[in-house]
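Please look over the assembly shown here.

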Amino acid sequence: VNAPTSERPTLRARVPWGTFVADEVRTLYEEYAATLDAADYGAWLDLFVDDATYIVTARENVERGLPLATIRCDSKGMLADRIDALVTTQFHARRLGRHFVTAIRPVASNEMALETTANFLLVETIDGEDSRVQSVGSYADVIVPTAAGLRFVAKCAIYDAALVPTSVVVPL
Amino acid sequence: VNAPTSERPTLRARVPWGTFVADEVRTLYEEYAATLDAADYGAWLDLFVDDATYIVTARENVERGLPLATIRCDSKGMLADRIDALVTTQFHARRLGRHFVTAIRPVASNEMALETTANFLLVETIDGEDSRVQSVGSYADVIVPTAAGLRFVAKCAIYDAALVPTSVVVPL
Amino acid sequence: VNAPTSERPTLRARVPWGTFVADEVRTLYEEYAATLDAADYGAWLDLFVDDATYIVTARENVERGLPLATIRCDSKGMLADRIDALVTTQFHARRLGRHFVTAIRPVASNEMALETTANFLLVETIDGEDSRVQSVGSYADVIVPTAAGLRFVAKCAIYDAALVPTSVVVPL
């Protein structure tokens with residue numbers, strides 16, 4: 001792959017990755033999807049810093065400026081508790097989730113943090129049923145560098161449907 | 001990431017990116033999906049050159065060599081008019097679209113232009129309904145370098161379904 | 001894009017791409033999806049080495065350690081025969097497939113081979129019907145370098161649904 005020449009301005013110049021490496025950011029999202037879909041919640045939680053916020057909400061709430069959320073966790077500890085509750089009480093039919101994350105874009109960055117957006121699609125397969133679209137929407141995230149690699153300090157999953165899918169018991 | 005050694009021929013050598021940078025091309029598609037899904041039509045139009053052609057058609061038409069198209073715009077101006085009409089007349093239930101573009105591949109290139117293909121999935125959420133697959137298909141595009149970055153000079157969105165989805169009022 | 005500094009450990013350091021180049025691996029998957037969706041089975045078969053194994057199975061079988069498989073081919077020759085049979089006997093309604101492969105991750109690697117996992121979504125469009133999710137699941141693959149580029153020596157497509165979709169006549 002050729003380096004862009006100075007004569008040919010490129011999209012990249014307009015894109016505020018700053019000191020962040022695009023490929024590492026994409027790897028973070030790949031880890032996110034893969035650990036979540038494998039129900040490897042320990043590894044998934046490791047992708048958040050201790051004081052991370054995690055929110056799942058409807059687009060309508062965001063657009064109206066309403067502070068409503070389907071899930072709201074103000075720390076990694078709260079998120080871990082929520083996952084514990086989920087794993088412990090999951091006596092209903094087994095659900096397999098499969099995330100597809102694309103259009104990962106930098107929105108703003110400085111030395112300490114990178115804001116990104118991305119599209120997500122969650123396809124769910126419930127025991128004995130066909131696979132189907134569970135939800136679709138976008139992420140609005142903040143990523144920070146840590147000694148262990150890139151991590152989420154804020155993650156907001158905004159689903160497009162107005163109604164809360166009854167099956168949003170797993171994180172998006 | 002390691003550079004390929006001369007002993008090990010690589011796929012990349014077979015791939016005609018030419019003087020185009022793969023990562024910049026992917027960024028162009030990410031911008032395309034993100035601006036369209038955000039209904040940021042001004043930024044979306046900016047991804048086309050002035051004399052760009054934009055076509056939405058069914059695969060069956062392409063395979064039969066028929067010149068039929070659901071949308072056909074021969075310039076960015078025509079495309080802007082179409083978008084204006086869309087925004088102005090959209091009195092029906094609100095639709096949110098979410099694009100997933102993968103398998104972005106170079107087909108041919110020279111110094112002036114790059115031909116690409118890609119797969120697209122559009123998941124749509126209509127007010128009060130579940131999110132569902134609106135359409136799926138492939139892009140056949142031509143990309144050119146400009147002073148402002150990579151831009152589409154031709155975009156053809158080919159949907160796989162034989163029938164025109166009644167909801168193809170937004171661009172693909 | 002900036003190179004990571006030595007002070008900032010990165011995710012990449014934890015990821016066992018080894019001597020394999022991430023971008024080449026992604027290109028292999030893009031070729032896989034594009035050739036399969038275009039029904040260009042010759043080019044698709046070329047992505048496998050001669051003694052490649054190709055398996056399609058349900059997640060339930062993998063988790064229970066059952067050796068059951070919907071499709072099992074122990075060589076590229078067997079896979080070619082299967083494709084021949086598929087193309088020859090396809091007298092039913094035409095099916096168009098569209099693959100979306102994301103979350104491509106290295107699991108392990110040495111000089112000779114790379115193990116990867118990825119998520120796949122197959123959206124199918126049958127003549128006269130709407131496009132719909134045909135199957136979703138994950139790949140567990142082994143990739144090797146060859147004189148012709150990266151190739152699959154083992155590919156296992158694991159679909160999440162418990163029941164075999166009646167339409168799994170095409171490869172995943």
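A nonpolar core is a set of buried Ala, Val, Leu, Ile, Met, Phe, Trp, Tyr and Cys residues joined through side-chain atoms within 4.5 Å. Buried means under 20% relative accessible area, exposed over 50%, and partly exposed in between (1.4 Å probe, protein chains only). The model is predicted: local features need pLDDT of at least 70, side-chain atom pairs count only at pLDDT 80 or more, and totals for chains, interfaces and linings use all residues. Residues are numbered from 1 along each chain as its sequence is written, chains are lettered from A and ligands numbered from 1 in the order in which they are written, and side-chain values use heavy atoms, without hydrogens and water.

**Core and buried residues**

The largest nonpolar core holds 39 residues. B:Tyr29, B:Tyr32, B:Trp44, B:Tyr54 and B:Ile143 have the most contacts inside it. Contact means heavy atoms within 4.5 Å. Beyond four places in sequence, B:Trp44 touches B:Tyr32, B:Thr35, B:Leu36, B:Tyr54, B:Leu79, B:Ile83 and B:Pro171.

In chain C, C:Lys155 lies in strand β6 (residues 149-159). C:Lys155 counts as buried because its relative accessibility is 1%.

**Fold of chain A**

Chain A has 5 helices and 6 strands. Helices (H or I, at least four residues) and strands (E, at least two) are DSSP runs, numbered from the N terminus. Their order from the N terminus is α-α-α-β-α-β-α-β-β-β-β. Of its 172 residues, 55% are buried. Among contacts in chain A between residues at least 6 apart in sequence, 57% join residues at least 24 apart.

**Interface of chains B and A**

Buried area is the accessible area (1.4 Å probe) that two parts lose on being put together, summed over both. A salt bridge puts a side-chain nitrogen of Lys or Arg within 4 Å of a carboxyl oxygen of Asp or Glu.

| Item | Value |
|---|---|
| Residues of chain B in contact with chain A | 35 residues |
| Residues of chain A in contact with chain B | 27 residues |
| Area buried between chain B and chain A | about 2,800 Å² |
| Salt bridges between chain B and chain A | 4 salt bridges |

Carbon and sulfur atoms carry 55% of the buried area. In chain B, B:Glu24, B:Arg98 and B:Phe100 lose the most area to chain A, together 22% of what that side buries. A:Arg105 and B:Glu31 form a salt bridge through their side chains (3.2 Å, N to O). On the side of chain B that touches chain A, α2(B) supplies the largest share, 10 residues.
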